[in-house]
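Dear colleague,

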Amino acid sequence: MPLGLGRRKKAPPLVENEEAEPGRGGLGVGDSGPLGGGGGGGPHVGLPPPPPSLRPRLVFHTQLAHGSPTGRIEGFTNVKELYGKIAEAFRLPPAEVMFCTLNTHKVDMEKLLGGQIGLEDFIFAHVKGQRKEVEVFKSEEALGLTITDNGAGYAFIKRIKEGSVIDRIQVISVGDMIESINGQNLLGCRHYEVAKMLKDLPRGRTFTLKLTEPRKAFDMISQRSAGARPGSGPQLGTGRGTLRLRSRGPATVEELPSAFEEKAIEKVDDLLESYMGIRDTELAATMVELGRDKRNPDELAEALDERLGDFAFPDEFVFDVWGAIGDAKVGRY
């Protein structure tokens, strides 16, 4: 369907509402958020989780980011199951796990676990810490926040723009989970929904944020760092490939992303932040996958509608994504 002619939403979302449709094997854990809803009594689209005997037999090492012994986890095929395995290893409720970072115990959003894990990556799980309530006066249209989520119903702050409204409030930090806005519970909301709610708040008024910060490390930082395998930059793993966790169907072991894929994903993720106020490398990777063999923007638009229709991406965004993928293909980095 040509761009600009009112593309229709077609397909179910990349990550669906856990509360409306229990049992989804998506990118998260616990009460996963909606990407357009997902109940309604219709047939469930997608593959069921594979039996344990068919899942990759891979073992990963993990610690709690604030300090713990090292645990071993295996037998998961998506992030929901991964978080469940971590909770089981440390005898925690799964809902206590906020997000994970790879190869660092720090709240480093560049090392946030998304849809891929290097086969030699060390996983650090960040659990809920102190809760806080903050009054914010929206003196400008833009608050200066970039939102991401764990694909499991928790949206949190990935980036704070220097000099912005939020930057001037010292109690708000990167990594804080946004529990509610003006009393509206956000459990189960995706990043783009939270970003839109914040954008739609009227300028010149005060609103209330309820936040939960990750539990902080105390005197175990040096010991824990010594036990982790240090990362070597944004590329995952150490050359043995990655475990790709998918919203539907089984996990797959794949080669590390090519230079084209890495750059294209980075550029599309930048566009997601620019247009929607979110960052999501798994979503960006899915869009690059859909666009790499398309011959023109209209074909890309149709593919995005079919797979990710509930996002309702604007035409200008689709054009820019097409351009970013094309630039990466010919090495214009």
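Helices (H or I, at least four residues) and strands (E, at least two) are DSSP runs, numbered from the N terminus. This is a predicted model, in which local features need pLDDT of at least 70, side-chain atom pairs count only at pLDDT 80 or more, and totals for chains, interfaces and linings use all residues. Residues are numbered from 1 along each chain as its sequence is written, and side-chain values use heavy atoms, with hydrogens and water left out.

The buried residues in α7 are F317, V318, V321, A324, I325 and A328. They lie on the same side of α7, because they cover an arc of only 120 degrees around the axis (the arc of the directions from the helix axis to the C-beta atoms). The 15 residues of α7 should span 21 Å at 1.5 Å a residue, and its end C-alpha atoms, 21 Å apart, agree with this; the expected span is 1.5 Å times one less than the number of residues. After α7 comes G331, with a positive phi near 80 degrees.

Helix α5 (residues 281-291) packs with α7 (residues 315-329) at an angle of about 75 degrees, their axes being 10 Å apart; axes are lines fitted to C-alpha atoms, for helices over the stretch in contact, and angles run from 0 to 180 degrees between N-to-C directions. The two helices, α5 and α7, are therefore roughly perpendicular, a term for angles of 65 to 115 degrees. On the α5 side the contact (heavy atoms within 4.5 Å) is made by M287, V288 and G291, and on the α7 side by F317, V321, W322, I325 and K329.

**Positive phi and a helix-to-strand pair**

Most residues other than glycine have a negative phi. R91, in the loop between α1 (79-89) and β3 (97-102), has a positive phi near 55 degrees, and R91 is exposed, at 79% relative accessible area. N182, in the loop between β8 (177-181) and β9 (184-185), has a positive phi near 50 degrees and is partly exposed at 46%.

M197, in helix α2 (residues 191-200), touches I181, Q184 and L186 when its neighbours within four places in sequence are left aside. M197 and I181 are 16 residues apart in sequence, with 8.3 Å between their C-alpha atoms.

With kind regards

Notes: Parallel < 35°, antiparallel > 145°, perpendicular 65-115°, else oblique. Buried < 20%, exposed > 50% of the residue type's maximum accessible area, 1.4 Å probe, protein only.
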